[in-house]
Amino acid sequence: QVQLVESGGGLVQPGGSLRLSCVASGRTFSSYTLGWFRQAPGKEREFVSAITGSGRSTFYADSVKGRFTISRDNAKNTVYLQMNSLKYEDTAVFYCARYVSPSIISPTLAAMAAKYDYWGQGTQVTVSS
């Protein structure tokens with residue numbers, strides 16, 4: 001059983017920064033792509049970013065490109081999401097998730113929530129003045 005635990009959310013002013021962390025259990029952490037998704041009130045869950053097992057490939061939603069950076073530390077079974085220049089519209093619950101298989105992944109597949117089989121409980125990010 002894989003468990004994912006997010007942390008690092010909170011209240012931040014527009015233009016501020018936060019770093020989210022997601023710690024995963026399991027010995028095969030480094031084999032899997034990990035992704036970040038978010039869900040704002042009244043909206044569907046949407047893709048934010050993903051990173052392959054090796055960390056060599058990363059994917060971003062257009063709405064966060066240039067502001068968010070995903071990274072991972074396989075020695076710590078942890079994936080990070082550095083969020084800079086936060087905007088009101090970034091307010092959401094952020095979830096990390098593990099891709100369904102340790103296979104080659106395309107940007108299209110990385111953005112599909114249905115392709116992720118394990119999810120964390122989420123961490124709230126609120127951008128407000």
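Q: Which residue in β3 is the bridge partner of Leu4?
A: In this predicted model, Leu4 is bridged to Ala24 of β3.

Q: What makes β1 and β3 a pair?
A: Pairing takes at least two bridges. Four bridges join β1 to β3 (residues 18-24), so the two strands count as paired. They run antiparallel.

Q: How do you know that β3 and β8 pair?
A: The cut-off is at least two bridges. β3 and β8 have six bridges, in the antiparallel sense, so they pair. In one of these strands, β8, Val79 is the bridge partner of Cys22.

Q: What joins β7 to β8?
A: Six bridges do, and the strands run antiparallel. Arg72 stands opposite Val79 in β8. β7 and β8 form a hairpin, with four residues between them. Asn77 in that turn has a positive phi of about 50°.

Q: Why are β1 and β7 called edge strands?
A: The open sheet has the order β1-β3-β8-β7. β1 (4-7) and β7 (68-73) each pair on one side only.

Q: Why is Thr78 called buried?
A: Buried means under 20% relative accessible area. Thr78 has 6% relative accessibility, so Thr78 counts as buried. Thr78 lies in β8 (residues 78-83), where five of the six residues are buried.

Terms used:
Residues numbered from 1 in each chain as written. Predicted model: local features only at pLDDT ≥ 70, side-chain atom pairs only at ≥ 80, totals over all residues. Heavy atoms only, no water. Buried < 20%, exposed > 50% of the residue type's maximum accessible area, 1.4 Å probe, protein only.
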